[in-house]
Amino acid sequence: MEPIRSLDSVGEESFRLLAQDCAASNGGVNDLILLSLAHIYGKNFNTAVEVVDEQRIVCFVGEKTQRSVVKVQGKSASDVYLVFPKHFCSCQAFFFKVVHENEAICCKHQLAARLALALGRCPIITISDVEIASMLAFGS
Ligand SMILES: [Zn+2]
């Protein structure tokens with residue numbers, strides 16, 4: 001018997017299906033997949049939907065390396081977080097609830113970035129790789 005998959009791997013598959021369905025339906029959003037994601041990620045997912053709807057996400061891609069980093073703006077204009085959607089966010093919740101306390105799979109900014117990218121709901125801006133490196137080194 002195969003082992004039951006982890007919730008995060010089910011979430012990963014759900015994001016993949018959401019992106020596939022969105023592309024196949026000209027930008028449509030599959031409500032059943034959204035429900036699945038909301039169930040997996042809880043209240044963080046609802047907040048992530050708000051962040052996407054409020055268009056507070058921008059993805060930057062290095063022109064030669066294709067390395068990418070996502071910037072997510074928090075509630076106030078001065079709160080800007082650097083996000084690697086599957087692995088890292090520079091917010092405090094990521095460090096405390098995800099890394100330190102292992103209480104959550106990811107933070108709301110990571111979810112928002114994954115959702116926006118899956119639905120094609122954020123600008124993707126190509127910049128130089130030096131600018132990407134600078135963004136990572138200096139945090140903005
Ligand atoms: Zn975060």
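Modeller: What follows goes from the sheet to the core and then to one pair of helices. Keep in mind that this is a predicted model.

Start with the overall layout. The sheet is open and has five strands, in the order β4-β3-β2-β1-β5. Its pairing is mixed. β4 (88-89) and β5 (124-127) stand at the edges. Each has a single partner strand, so one side of each is left without a neighbour in the sheet.

β3 and β4 run antiparallel and are joined by two bridges. Phe84 has Phe88 of β4 as its bridge partner. Val83 is bridged to Cys89, also in β4. The two strands form a hairpin, with three residues between them.

Val70 stands opposite Val83 of β3. Here too there is a hairpin, and six residues link β2 to β3.

Val83 has Cys89 as its bridge partner in β4, and Val70 stands opposite Val83.

Next, the faces of β3. In a regular strand the side chains alternate between the two faces of the sheet. Tyr81 and Val83 make up the covered face of β3. Val80, Leu82 and Phe84 make up the uncovered one.

In soluble globular proteins, nonpolar side chains tend to be buried together. The largest nonpolar core in this model has 26 residues. Ile57, Val72 and Ala112 touch the most other members. Two or more residues come from each of α1 (7-24), α2, α3, β2 (68-73), β3 (80-84) and α5 (108-119). The largest share, six residues, comes from α5.

Take Ala112 as an example. Leaving out residues up to four places away in sequence, Ala112 touches Ala48, Val51, Val52, Ile57 and Val72.

Last, two helices that also give residues to this core, α2 and α3. Helix α2 covers residues 31-41 and helix α3 covers residues 43-53. Their axes are 6 Å apart, at an angle of about 125°. The two helices are therefore oblique to each other. On the α2 side, Leu37, Ala38 and Tyr41 make the contact. By class, that gives four nonpolar, two polar and no charged residues.

Key: Residues numbered from 1 in each chain as written. Predicted model: local features only at pLDDT ≥ 70, side-chain atom pairs only at ≥ 80, totals over all residues. Axes fitted to C-alpha atoms, helices over the stretch in contact; angles between N-to-C directions. Helix = DSSP H or I, 4+ residues; strand = E, 2+ residues; numbered from the N terminus. Parallel < 35°, antiparallel > 145°, perpendicular 65-115°, else oblique. Contact = placed C-beta atoms within 7 Å. Nonpolar A, V, L, I, M, F, W, Y, C, P; charged D, E, K, R; others polar. Core = buried A, V, L, I, M, F, W, Y, C linked by C-beta atoms within 7 Å. Buried ≥ 20, exposed ≤ 12 C-beta atoms within 10 Å, placed from the backbone. Pairing = 2+ DSSP bridges.
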